[in-house]
Amino acid sequence: FFFCLVRFVLTCTCCTCIVFNATNSFHFPCQGQLSVLQDKIDHLERLLSENNEIIANIRDSVINLRESVKDSKRVLEAGNMSQGSLEMLPSPPLVVPIDSEDCQFSARPYTKSMSDVYDLLAFDNPDGGVWKQGFDIAYNENEWDQEPLQVFVVPHSHNDPGWLKTFDDYFHDQTQHILNNMVVKLHEDNRRKMIWSEVSYFAKWWDNIDDQKRDAVKSLINTGQLEIATGGWVMPDEANTHYFALIDQLLEGHQWLERNLGVKPKTGWAVDPFGHSPTQTYLLKQSGLSNMLIQRVHYSIKKHFSSQKTLEFFWRQNWGDTDILCHMMPFYSYDVPHTCGPDPKICCQFDFKRLPGGRISCPWRVPPQAITDNNIQERAHLLLDQYRKKSKLFQSKVLLVPLGDDFRYTEALEWDQQFQNYQRLFDYMNSHPELHVKAQFGTISDYFEALRSSIASSTSGSLALPVVNGDFFTYADRDDHYWSGYFTSRPFYKRVDRVLESHLRAAEILYSLALAEMRRFGKSNNFPAVESYKLLTAARRNLGLFQHHDAIAGTGKDWVVVDYGTRYQSWDVMVSSVHWLILKDKQTFSHDPSNLFLQMVSLSCQDLQTSLVIFNPVEQARTSVVTVYVNRHKVQVLNSHGHPVTAQVSAVWEETNRASTEAFQVRTLYSILSLTHPDVKCMHKHVDPTTPFSIENAHIQLWSSPYTGLLERLKLKEDGLEQQIKVEFAWYGTTSNKDKSGAYLFLPDGEARPYTPSQAPVVRVTKGPVFSEVTTTFTHITHTLRLYNVQGVEGQSVEISNSVDIRGEFNHEIAMRITSDLNSKDRFFTDHNGFQIQPRKTMRKLPLQANFYPMSSMVYLQDSGSRLTLLTGQALGAASLKSGQLEVIMDRRLNQDDNRGLGQGVLDNKITANCFRLLLEKRTPADENDPNSFPSLLSHTTFTYLNHPFIPMATSVDFSAIPLSPYSPLHSSLPCDIDLVNLRTIQSKDEGGGPSAEAALILHRKGFDCRFSNRNTGLLCTTTRGKIFLDKLFSELMVKSLTQVSLTLMHGSAAGQSPRDVSLKPMEVSTYRLELS
């Protein structure tokens, strides 16, 4: 399957532990048995019968493979590893067959590229008058004589699921009162309307109200007075999130809505994320939404779009039918002073919560007035003037006016103040036809329906909305205040988020397979299916909560961040599912929550015998390294036949110069297994201090500085490509101006200064059969360069790990800088949400902080012959400030607030491990002005391995007493470019909240660049033009039914039920309702 289970047995006498390995996704138990490889070839021939060229290439690779096995033996002998047997998967083919159609994209034209807009703008900030960041707006009184102005005032309340208070505290103090009042106040007048976005709060409230109130809510939805916009579990951050988590929180929200309210959201509502990603746009489109709204966009871009009347546009991806109608709010904020028109001093006078005597007032010192018969004419004309001026920024005569702010409508009084006063204004305007206006309360979808109607009825194409491509990063709300700081803030939690995503995905897949296997065996014993599903649901929701734009962004109060971190739990589900799947005799399954069969713990040699189960959570076979910790340093690793296999024991360093005597790290390699005792060499001294030293594997050689241990040069052995690549560290301070860096803002005091530690670094070089590494300990950083001796993907790149500790610093940010001799000029590339690549250009007309962008999975540089990619295990901010240079901010410690509402600095730093892979690839020259870019297939797979490592699980139960067996549900690997995003069991419609027999199978066909060599990549898979043949997908399970649906299961598909195979277009994400038996 996309995962494999490997079983280890640790047999421990007084000082020796014995580890046993079963298989990867394919079982090849004997040395050199190429007949098994021939079986694999035969299977691929059936699978790819439509492609004779691919088959021919695979057949040719058998000859190379025989030589490769001989070479592998010679390599092992050269490394003093010939004493053991060889147990292995097939060696990676010399050439991975790739069909040319796999790199063809159905690109569609667009009329406005955001990169072109950036080139065009001066990014100056002249005073625009009452609209400080804009310009004066004028109009003629008779402009609406032929077509009246339609005004939709949309009441809303933005409820952050954690920020200054925890999620639960906000709910108890404010949110529940907002929702309770909503039911009462909307029923008082059917002209009143309201939108709601955050399903996490709505679901918590729903669980605490009675049936009568639930029926009242359903009535409001049915009459169109209440709309759920977007419908995700939260309003997610769009910079730091990975698309797995974005999909998961959206799916959780949509499934809750469909189950409890029968609601299918039509419009996205994103007023508070700090910049906007096209990935979120695509996911909304795939979920069946037709419209969306965004707010936090750079003020210069807002001004440009306003002047061009392009604030409403179709947002398009670089591939396929992806357009979605988008509305960009033109002004500074989503609060009332900045939504009725260009003059906040006037608009604030129509925020009736600020009436004299209240707790908040207008900062412009002109208060609102309650609407009476005496002032209604003057007040209505004053407000209508703002409406008309705002409408001049749009092409249509349909106007959107949001009416709300953070946690608004908490008290019944505010409902009365806002709705009663506005209704009087609407009644006056609508009763005076000479004003040519129709004003009303509306939902966000009411507005878009009217807009679409206006577009459809426009004569001779007079109303033609532009098509926009690109993203809206990096956000600035005023002056040089760029919100690039939160790309890195609280990096510890950004790393934890990525680990938890991997664990949740693993638990989802294992649980779904366990249920399917139980149906196949017709027995479940006492497997805790319902209890496990409830734990999974809680894990989904807690991970979803952390995708909130003040959670993963690192912009919450200290105690709120801690609250997020204590919510997650999916380990029990994973353990129970694995336990059932690997048992040879299912009758012996017994679930004891107080004494689980498997544990994620270190291994102790106090036990006479221990089993270890290894789970490969990816959808392709792989050769990789597993790491476990033991309490003895004399460790022998044996396979299932009792033969020694490759292992390497390393010290666990408690301090720079002191190793632990109670804990040791063991790394063992799949699938090339050999060795009796690990041959580990640690060199602490006796190195020529003037000569760079090197470490190498079969693919790469790198040289490090003898003074610092930092990388200086890297060579690819395959083609001899050698590059000067230097790693160094640097400090940023914060500006001396009044406004300084904080959780949101990055306001440096100039270019970074080289990191110069107060003490000389300690450099430690380790060479062994599994890996070689150079570790340098500085005052604030422990930096490791590591090469794995793997024939597979993990041997193709350099692993970089940085343990960062800046807890004693004052207003400092620390960066890792990688300088190469690539001629990248001012171009570089960052990803969006691990899903797609955005070309970037470093612009000298912008301040330094504006040239930092979010990096969720990778950043790369390239020239005509090479590409250098840094892949990351956590979201961080990245830039390329000079040609050939990459820079990543690793942690930030800031002693003051940046005046964006948080009210504190960032001082809760933790020792944080940042994980990276550095990949150098030779590429074929291409058009450097191509607006599209994609990672290589090797880069995609390297990122997958980095974020989904093998998961080891230990048990102390005697192996011979409870027989276990490997479990490989897939018949073969999925194609290299197909990502199994999730296999997520769907909740039953029955009472009790248990699982149904169906699961949501979510697949993504990754777009990749074919201009890279497909020789010696280490990949154990191929590509199939996006096709997956269902009858050959699973080894034992059968596909009972398969129905294509929208991304979050809300809508059906024209594809129908139970197709013979699945076919995905490049970059497509598709969901299927799957039932296995």
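Trainee: Is Cys348 buried or exposed?
Mentor: This is a predicted model. In it, Cys348 counts as buried, because its relative accessibility is 0% and the cut-off for buried is under 20%.

Trainee: Which residue does a disulfide join to Cys348?
Mentor: The partner is Cys362, with an S to S distance of 2.1 Å. Both cysteines lie in the loop between helix H10 (344–347) and helix H11 (376–391), 14 residues apart. Cys362 also counts as buried, at 6% relative accessibility.

Trainee: What is the handedness of the Cys348 and Cys362 disulfide?
Mentor: The torsion about its S-S bond is about -105 degrees, so the disulfide is left-handed.

Trainee: How many disulfides does the structure hold?
Mentor: There are three. One of them is formed by Cys340 and Cys347, whose sulfur atoms are 1.9 Å apart. Another joins Cys976 to Cys1021, and that link is right-handed, with 115 degrees about the S-S bond.

Trainee: Changing topic, which strands does E30 pair with?
Mentor: Strand E30 (residues 798–804) pairs with strand E29 (residues 781–788) in the antiparallel sense over six bridges. Seven bridges join E30 to strand E39 (residues 912–922), also antiparallel. Within E30, Glu799 is the bridge partner of Arg786, and Glu799 stands opposite Arg917 in E39.

Trainee: How many residues of E30 are buried?
Mentor: Six of its seven residues are buried.

Trainee: And what about helix H7, how many of its residues are buried?
Mentor: In H7, 15 of the 18 residues are buried. Just after the helix, Gly262 takes a positive phi of about 65 degrees.

Notes: Residues numbered from 1 in each chain as written. Predicted model: local features only at pLDDT ≥ 70, side-chain atom pairs only at ≥ 80, totals over all residues. Heavy atoms only, no water. Buried < 20%, exposed > 50% of the residue type's maximum accessible area, 1.4 Å probe, protein only. Helix = DSSP H or I, 4+ residues; strand = E, 2+ residues; numbered from the N terminus. Pairing = 2+ DSSP bridges. Disulfide = S-S within 2.5 Å.
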